[in-house]
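Please look over the sequence and the structure shown here before reading on.

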Amino acid sequence: VQLVESGGGLVQAGGSLRLACKASGTNFRLHGMGWFRQAPGNQREWVATITSGGATTYADPVRGRFTISRDNIKRTLYLQMNSLKPEDTAVYYCAADSTPTTVASSYDYWGQGTQVTVSS
């Protein structure tokens with residue numbers, strides 16, 4: 001399974017970005033998917049998950065601002081990030097597993113990450 005993130009960049013506080021995670025080498029629609037992020041000096045932090053059936057859950061710091069979604073035909077996972085804050089600055093990773101959880105160590109497959117920087 002290969003996961004490739006894209007869409008990161010530099011944005012001002014209050015702005016928006018849309019991350020994408022393209023999957024290959026797997027039956028994408030059967031996987032639960034998650035987004036995590038890691039800021040310098042911090043542990044990897046769970047952001048959001050989506051099940052194979054489309055059910056979503058969000059971490060408290062991003063609920064109401066971020067939206068996770070998936071397009072099974074395009075084999076792509078998305079993270080729409082609105083009202084960005086400087087504390088959202090991190091490397092964002094997508095991950096795949098049979099049953100998505102909030103625990104990074106439970107995921108079998110990871111992308112390489114994409115940098116998101118929010119300036120104040």
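The questions and answers below concern a predicted model.

Q: How many disulfides does the count come to, and which residues form a disulfide?
A: A disulfide is a covalent bond between the sulfur atoms of two cysteines. A pair is counted when the two sulfur atoms lie within 2.5 Å, and the sulfur atoms of Cys21 and Cys94 are 2.0 Å apart. By this rule the count comes to one disulfide, formed by Cys21 and Cys94.

Q: Which strands hold Cys21 and Cys94, and how many residues apart are they?
A: The link of Cys21 and Cys94 is right-handed, with 60 degrees about the S-S bond. This pair links distant parts of the chain, since Cys21 belongs to strand β3 (residues 17-24) and Cys94 to strand β9. The strands asked for are therefore β3 and β9, and the two cysteines are 73 residues apart.

Q: Is Cys94 buried or exposed?
A: Residues under 20% relative accessible area count as buried. Cys21, the partner in the disulfide, has a relative accessible area of 0% and is buried. The relative accessibility of Cys94 is 0%, so this residue counts as buried.

Q: Is Glu45 buried, partly exposed or exposed?
A: Its salt-bridge partner Arg37 is buried, with a relative accessible area of 5%. Two other residues of the network, Arg65 and Asp88, are also buried, Arg65 at 12% and Asp88 at 0%. Glu45 has a relative accessibility of 32%, so Glu45 counts as partly exposed.

Q: Which side chain of opposite charge is nearest to Glu5?
A: Glu5, in strand β1 (residues 2-6), is buried yet has no salt bridge. A salt bridge needs a side-chain nitrogen of Lys or Arg within 4 Å of a carboxyl oxygen, and the nearest side chain of opposite charge is 7.4 Å from Glu5. That side chain belongs to Arg44.

Q: Which backbone nitrogen lies 2.8 Å from a polar atom of the side chain of Glu5?
A: The contacts of Glu5 with residues beyond four places in sequence include Cys21, Trp35, Cys94, Gln112 and Gly113. The side chain of Glu5 reaches the backbone nitrogen of Gln112 at 2.9 Å. At 2.8 Å from a polar atom of this side chain lies the backbone nitrogen of Gly113.

Q: Which element gives the most residues to the largest nonpolar core?
A: This core has 31 residues, and those with the most contacts inside it are Trp35, Leu77, Leu79, Met81 and Tyr92. The elements that give two or more residues to it are β3, β4, β5 (45-50), β7, β8, β9 and β11 (114-119). With five residues, the element that gives the most is β9.

Q: What is the phi of Ser83, and what is the phi of Arg75?
A: Most residues other than glycine have a negative phi. Arg75, in the loop between β7 (66-71) and β8 (76-81), and Ser83, in the loop between β8 and β9 (90-97), have a positive phi although neither is a glycine. Both count as partly exposed, Arg75 at 28% relative accessibility and Ser83 at 41%. The phi of Ser83 is about 50 degrees, and that of Arg75 is about 55 degrees.

How values were computed:
Residues are numbered from 1 along each chain as its sequence is written. This is a predicted model: local features need pLDDT of at least 70, side-chain atom pairs count only at pLDDT 80 or more; totals for chains, interfaces and linings use all residues. Side-chain values use heavy atoms; hydrogens and water are left out. Helices (H or I, at least four residues) and strands (E, at least two) are DSSP runs, numbered from the N terminus. Buried means under 20% relative accessible area, exposed over 50%, partly exposed in between (1.4 Å probe, protein chains only). Lys and Arg count as positive and Asp and Glu as negative; His and the chain ends are not counted. A polar contact is a pair of N or O atoms within 3.5 Å; within protein, one must be able to donate a hydrogen and the other to accept it, and residues adjacent in sequence count only if both atoms are side-chain atoms. Contact means heavy atoms within 4.5 Å. A nonpolar core is a set of buried Ala, Val, Leu, Ile, Met, Phe, Trp, Tyr and Cys residues joined through side-chain atoms within 4.5 Å.
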